[in-house]
Amino acid sequence: MSTTRTGTDRSQAARDHLWGHFTRQSAWENGVPTIVRGQGHHIFDDAGRQYIDGLSGLFVVQAGHGRTELAEAARVQAEKLAFFPLWSYAHPEAIDLAERLAAYAPGDLNHVFFTTGGGEAVETAWKLAKNYFKLTGKPNKYKVISRSIAYHGTTHGALSITGLPTLKAPFEPLVPGAHKVPNTNEYRAPDHLRDDPKAFGRWAADRIGEAIEFEGPDTVAAVFLEPVQNAGGCFPPPPGYFERVREICDQYDVLLVSDEVICAFGRIGSIFACDDFGYVPDMITCAKGMTSGYSPIGALIASDKLYEPFATGSASFAHGYTFGGHPVSAAVANANLDLFEREGITAHVKESAPAFRRTLEKLLDLPIVGDVRGEGFFYGIELVKDKATRETFDDDESERLLRGFLSGALFEAGLYCRADDRGDPVIQLAPPLTCGQEQFDEIEQILRGVLTEAWTHL
Ligand SMILES: Cc1ncc(COP(=O)(O)O)c(C=O)c1O
């Protein structure tokens, strides 16, 4: 039994005092899964058990656990300058990181506004879009369009952009003006488009144009899209999708925001995933993998056009966060990106992604595995009741399968990943970007055992 600093049983102290995020507190009644250490691709719990980290914590730990040089970068910076804000002042690590992110970003996305995480970056992007149009003579442009089932964060603005009704319902009314369009779930595409990805991509992109027309082009400020949508279980863009979206945004003077909170920093392959799919957005939001999780930070990266009204005279963007661009986090981000460059992390993802996909696709021989989809080191495995008809599970079955069995059984079997039913039931995988065939096989073997057994728990 581990004890807290005051000598109480730590599990009991967690039940009494620690409020989990998106957590059923009742699930802690029989024990609180407590992770104490990470090394390489593995994490260890308080009983010394080892698990492969199939989700990089929460799509975060790109470089793997236990990287001394990232810890050392934090220590050195905390000693030199532990804190200073970016409010009217600057510090070297934030300047260097901003210059570096601007160099990685495509087109003229040259201006970096730091936050402490992803939701704040999304919130910032919406506020900047509104502010920009007010300053450039289109004050009625304030609405945003995003996709069904997509997750963009939990602050009021970001939650309004989020397309998950059950997450939003407890907090309504939210920010007005956030409209939803269909996502790019090809597995569940309308019948006539299922076997024609290009036509499906065109159809899905055109729904954005239709929504802009319907809401009124003079009222729509921005479209928020992930390069590969996470919630729902990894929906990559069909061919031609982003090309058409860019065209539509240009036609209606609507800003395209690439929400890369998960997809940036090598998760798909490149530092920014819009490069992997060949489009140039007006803004990028990013966070998670920027430091590989060794310290929190997020950012909004905006184009020259968006920055221009703020560049001179008395104008300023009246927005900020005390800890945005924290010196320790900025130093760790710089060290993390040094590590990426030295170890060729993005090249490794691009080279190994086909092998990861092939290894996971072996699972398609199981009756419960309907679809394996994703890009880079980012996959969703959709579970179905009937492979031939693609019939999914009803709510009770899903509850029994995911919460009643799979989440616990996968963890017991040594794999930390995510069993998610925000859309249809899926298992999500996003291991550290340093993984190779040995880890792909380990993940596949554990999934195979547990998913074979899952069939008997329906
Ligand atoms: C696409 C996307 N946007 C925004 C967020 C919110 O990020 P954070 O939890 O850092 O606020 C997330 C979190 O997972 C995300 O996946």
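I am working with a predicted model, where local features need pLDDT of at least 70, side-chain atom pairs need 80 or more, and totals for chains, interfaces and linings use all residues. Residues are numbered from 1 along each chain as its sequence is written, and side-chain values use heavy atoms, without hydrogens and water.

**Ligand.** I looked up polar contacts (N or O atom pairs within 3.5 Å). A ligand oxygen is 2.8 Å from a polar backbone atom of Gly118, and an oxygen of the ligand is 2.7 Å from one of Gly119. On the side-chain side, a polar atom of Asp259 lies 2.8 Å from a ligand nitrogen. The protein covers 79% of the 390 Å² of accessible area that the ligand has on its own (Shrake-Rupley method, 1.4 Å probe).

**Aromatic pairs.** Next I searched the whole structure and found 16 aromatic pairs (ring centres within 6.5 Å; planes under 30 degrees apart are stacked, over 60 edge-to-face, the rest tilted). Phe356 and Tyr379 are edge-to-face, because their planes stand at 85°, with centres 5.2 Å apart. Phe356 is buried at 0% relative accessibility (buried is under 20%, exposed over 50%, partly exposed in between; 1.4 Å probe, protein chains only). Tyr379 is buried too, at 1%.

I then checked Phe377 and Phe440: centres 5.6 Å apart, planes at 85°, so edge-to-face.

Note on methods. A polar contact is a pair of N or O atoms within 3.5 Å; within protein, one must be able to donate a hydrogen and the other to accept it, and residues adjacent in sequence count only if both atoms are side-chain atoms. Rings of Phe, Tyr and Trp (its six-membered ring) pair if their centres lie within 6.5 Å; planes under 30 degrees apart count as stacked, over 60 as edge-to-face and the rest as tilted.
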